[in-house]
Amino acid sequence: MNEAGGLRQRRPIRPQVITEDNQVPGLKDNSTYSSKVFRVTFMTLAVSLIFPLLGAMVFLDCPINPQPLSFKEPPSLTGVLQPNVKLRQAERIFENQLIGPESFSNIGDVMFTGTADGRIVKIENGELTTVARLGKGPCKTREDEPTCGRPLGIRVGPNGTLFVVDAYQGIFEVNPNTGDVRQLLSSQTPIEGKKMSFVNDLAITRDGRKIYFTDSSSKWQRRDYLLLVMEGTDDGRLLEYDTVTREVKVLMDGLRFPNGVQLSPAEDFVLVAETTMARIRRFYVSGLMKGGADMFVENMPGFPDNVRGSSSGGYWVAMSVVRLNPGFSMMDFLSQRPWIKRIIFKLLSPETLVKFVPRYSLVLELGDTGAYRRSLHDPNGVVAAYISEAHEQNGHLYLGSFRSPYICRLNLELV
């Protein structure tokens, strides 16, 4: 006590320092309990996710048996291949009036195409008219496609009739005036002991005698095209049909997803797009090299679909999936990793996987020797998506699609 002041002096209260050995009662127990709860919850979630995933990888069947594929580094997108947005200058026509106009052909100013609901339609004076149907309804779901029919490649013969490939049924001749349909070759006819499951595109000689066409696979159908690509199946063929003798010959086999077909202007060779391998092969049908084959373009910046002639004497090539360089190409990454493909297809359906494929539309014009002349791009497929063909007519490029509900028309003077 301080007697002078008459007051008792108290010591100041020291702040309490909490250490590992000196904790607030109950704090240590609560902290330990919370930590245990977190660990148990985390482990429970991990086990609930990992074990089903491992079980799926072990016990679920994989629909494909992928083989490792070898690709070179994709070509650099520089120079002629420099990315641009030229395809975005195209206009969409007949939007929501037709679905999947895969391929085009013209008789004068009248254009013809095939659609996803099995129809052959005529485009004249801004109007759409159904000319014929190759199958029968319903045409609503993926399961309906084999009976509904799926017209793909279409060409005009010397007598003004249409020659059409149906992916499931074979090759047809269609009278565009009367709508009469005549089957020339059924896909049920075995060719050298192998069936045709995915008839794809065709080219016809000017005299109408020979039809060159592709059968993309004897295993997979058109509705399974993604499985065909991801498996890398090498059972595709280039064939020749003689319209007089009705004989069919195999010109090339062992192809991985042979797709678009185009005769040269001199009709001395046929080009065939080998989609899975990102290249275009050439087969000689006349001249000194008849029966021989070589590479027309290899290691392309995308996966080619249909090939069509250009007014300059070269060729238009349509691509809906590209191999970005610089950038990342999922197809190139997976090509040497079939085990990842197996896991993906055990866990996800093809319909789901399509949603993860980046949309990037690319049209190339090739010279008569296969050199790149120019490239037209639409990154992200903003205007032109899922393109299958570039068809030149009267100064315009008409872009077909295997699933979009419209046609794109590009004025070539603008690009």
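Analyst: The terms for elements come first: helices (H or I, at least four residues) and strands (E, at least two) are runs assigned by DSSP and numbered from the N terminus. The model is predicted, with local features requiring pLDDT of at least 70 and side-chain atom pairs pLDDT 80 or more, while totals for chains, interfaces and linings use all residues. Residues are numbered from 1 along each chain as its sequence is written, and side-chain values use heavy atoms, leaving out hydrogens and water. By the rule for elements, the chain has six helices and 24 strands.

User: Where is Leu60 found?

Analyst: Leu60 is in the loop between α1 (27–59) and β1 (91–93).

User: Why does Leu60 count as partly exposed?

Analyst: Buried means under 20% relative accessible area, exposed means over 50%, and partly exposed lies in between (1.4 Å probe, protein chains only). The value for Leu60 is 40%, and therefore Leu60 counts as partly exposed.

User: What makes Leu60, Leu347, Leu348 and Phe356 a nonpolar patch?

Analyst: A patch takes residues with over 30% relative accessible area and no salt bridge; nonpolar side chains (Val, Leu, Ile, Met, Phe, Trp, Tyr) are joined within 5 Å, like charges within 9 Å. Leu60, Leu347, Leu348 and Phe356 form such a patch on the surface, with about 380 Å² of accessible area together. Areas of this kind come from the Shrake-Rupley method with a 1.4 Å probe, and for residues only the protein chains shown count as cover.

User: Why is Ser217 called buried?

Analyst: Its relative accessible area is 0%, which means that Ser217 is buried. Ser217 lies in the loop between β11 (210–215) and α3 (225–231). Contact means heavy atoms within 4.5 Å; leaving aside neighbours within four places in sequence, Ser217 is in contact with residues including Ser197, Leu228 and Asp235.

User: Why does Ser197 count as buried?

Analyst: Ser197 has a relative accessibility of 9%, and so counts as buried. Ser197 belongs to the loop between β9 (181–186) and β10 (199–204).

User: What makes Arg142 and Asp224 a salt bridge?

Analyst: A salt bridge requires a side-chain nitrogen of Lys or Arg within 4 Å of a carboxyl oxygen of Asp or Glu. The side chains of Arg142 and Asp224 meet at 2.2 Å, N to O, and form a salt bridge. This pair links distant parts of the chain, 82 residues apart, with Arg142 in the loop between β5 (127–133) and α2 (145–148) and Asp224 in the loop between β11 and α3. Arg142, at 31% relative accessibility, counts as partly exposed, whereas Asp224, at 12%, counts as buried. Arg142, Glu143, Asp224 and Glu351 are linked in a network of salt bridges. Side chains of opposite charge can pair when their charged atoms come close.

User: How many salt bridges does the rule give?

Analyst: The count comes to 24. Among them is the bridge between Arg281 and Glu274, at 3.2 Å, N to O.

User: How do you know that strands β2 and β3 pair?

Analyst: Two strands pair if DSSP finds at least two bridges between them. Four bridges join β2 (residues 104–107) to β3 (residues 110–114), and these strands run antiparallel. In this pairing, Ser105 stands opposite Phe112 in β3. The two strands form a hairpin with two residues between them, and Gly108 in the turn has a positive phi of about 65°.
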